[in-house]
Amino acid sequence: MDSIIALCKRRGFIFQSSEIYGGYNGFFDFGPLGVELKKNLKEAWWKDMVHCRDDIEGLDSSIIMSPKIWVASGHVGGFSDPMVDCKTSKMRYRADQLFFAPVIVDGNTIGYVSVLEDSSMQAVAEETADKMKRKQGVQGTLAPIELKDYTEADPSEYELIPSPATGEPGSLTPPRDFNLMFETKVGALSDSTATAYLRPETAQGIFANYKNIVDTGRVKIPFGIAQVGKAFRNEITPRNFIFRSREFEQMEMEYFISPEADWQGCHREWIDWCKDWLVSVGLPADMLGEDVHPLEKLSHYSRGTTDITFKFPFGEQELWGIACRGNFDLTQHQEHSGKSMEIFDQESKSKFIPHVVEPALGVDRLLLAVLTAAYTEDEIGGEKRTLMKFHPRVAPYKVAVFPLLKNKPELMEKAQDLYKKLQRKYNVFWDTAGAIGRRYRRMDEIGTPWCVTVDFDTLEDGTFTLRDRDTTEQKRINEEELLAMLDAQLY
Ligand code: ATP
């Protein structure tokens, strides 16, 4: 993870927001390469989800909407995470990410251990328990450490569980709900009627516009509405770089189906579609997994949720949530707005409020997954190199053009010609500085799949040297072949 973060900063993918003022926790800025990578991911999703499917329409709704929407959707009442404070250190934790266990020796509790959620938390807790036993000079057998999260603690335990910040018990508060929506004021009056929210998900903009789209008559059941845009959550503990931030982007699609339809089958189809799509932008299938939410842990609106997980450097975590939301949202909006959310289905000649299957993906989380999968270190001719093996479809630059020598006008002219021609279709990198090998390495590190060098042979026979990022193989290719190759690879 540290290598990825360092490369992101060094090469201009991602910066900490407001860095010159010491940073701003939970916010990030995307530099020249990051913005390209992000744009390519969003474009690939839009192309495959909206353009290449006849049953899905696009939408771009406003970020701030009537606060009534968030009351109807349940976000004002219940979009919260359990929070716990340490009164001594003033640190704040998500209670469901703070784990604890009693340390029991021969049936007697000699203290408590606490750890923050992490792939190594069990080992850390066991080690701490062992240290506690030795420090107290207690003889006997240590019972297995069974970690539970702080929301499961008995109120009598709050005083006994040590704060992860100080290691001492007595400073943690009971857990309480913290609403994750950012509030703002709209209009000149700043009383409570002016309170509005930055959207915490793009989905509600889709539900709020569902009627408009149905009424324009372009859709029939089953159909989907897709949207890409910013979402904001005042996360208690933003962490793991861009994995959990306070401002992020989502790509969400609501797929409306008949209440009679086989929703489980439809759910499965979308899980498979999403997994295939992730592979198509360069995530290896063996880094993906599925996490089926147990019935008792489902969100209030969900009848079934499966997360597609990814093996991030800090553990396997949710990347894409695919939820069956039933008709919860539309029914809520019908009740709160007084407007009918029914659709007339020509095929069954019946009227109903459709049910939905929702694949919801975070752009930033996807970007982190793509960076993780692409990051590679290898050795070429005894020299270590770092390369980003981006899928050509999402690589920030598709190709680089180099004149072999910058002090040879004939080479410069030919190279500029090719550069200008390619630039009309692709994002192309131009570099004249330093030895050609150094220029190749610089492109490897930012994941440019191909480099084209204009050399003296070019002046003779019109061919260029084409160098492949992953294999480092070089071959001669003419302009026509080059254009055809790029066209085929960058569909
Ligand atoms: P988590 O359990 O990680 O908080 P969630 O289940 O609340 O996520 P959803 O509401 O289902 O997430 O949001 C859909 C997708 O949006 C997630 O799968 C994730 O990719 C992305 N996402 C959610 N919260 C964040 C965040 N704070 N930062 C970046 N991406 C996020």
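The structure is a predicted model, in which local features need pLDDT of at least 70 and side-chain atom pairs count only at pLDDT 80 or more, while totals for chains, interfaces and linings use all residues. Residues are numbered from 1 along each chain as its sequence is written.

**Domains**

The chain is divided into domain 1 (2-78 + 183-372), domain 2 (80-178) and domain 3 (397-489); these bounds come from an automatic or database domain assignment. Between the C-alpha centres of domain 1 and domain 3 the distance is 39 Å.

**Ligand surroundings**

The ligand is surrounded by 16 residues, of which F248, G321, A360, G362 and R365 are the closest. Helices (H or I, at least four residues) and strands (E, at least two) are DSSP runs, numbered from the N terminus. The most is given by β16, with four residues. Divided by class, the shell holds five nonpolar, four polar and seven charged residues. Ala, Val, Leu, Ile, Met, Phe, Trp, Tyr, Cys and Pro count as nonpolar, Asp, Glu, Lys and Arg as charged, and the others, Gly among them, as polar.

**Helix contacts**

Two packed helices are described by the angle between their axes and the distance between the axes. Axes are lines fitted to C-alpha atoms, for helices over the stretch in contact, and angles run from 0 to 180 degrees between N-to-C directions.

| Helices | Angle | Axis distance |
|---|---|---|
| α6 (203-215) and α8 (328-337) | about 70 degrees | 10 Å |
| α2 (32-51) and α9 | about 110 degrees | 10 Å |

Because of its angle, the pair α6 and α8 is roughly perpendicular, a term for angles of 65 to 115 degrees. The contact is formed by F207, A208 and Y210 of α6 with D329, L330 and H333 of α8, where contact requires C-beta atoms, placed from the backbone, within 7 Å. Four nonpolar, one polar and one charged residues make up this contact of α6 with α8.

Helices α2 and α9 are therefore also roughly perpendicular to each other. Their contact involves L37, K38, L41 and K42 of α2 and V363, L366, L367 and V370 of α9. The residues in the contact of α2 with α9 comprise six nonpolar, no polar and two charged.

Methods:
Angles under 35 degrees count as roughly parallel, over 145 as roughly antiparallel, 65 to 115 as roughly perpendicular and the rest as oblique. Two residues are in contact if their C-beta atoms, placed from the backbone, lie within 7 Å. A residue is near a molecule or strand if its C-beta atom, placed from the backbone, lies within 6 Å of it.
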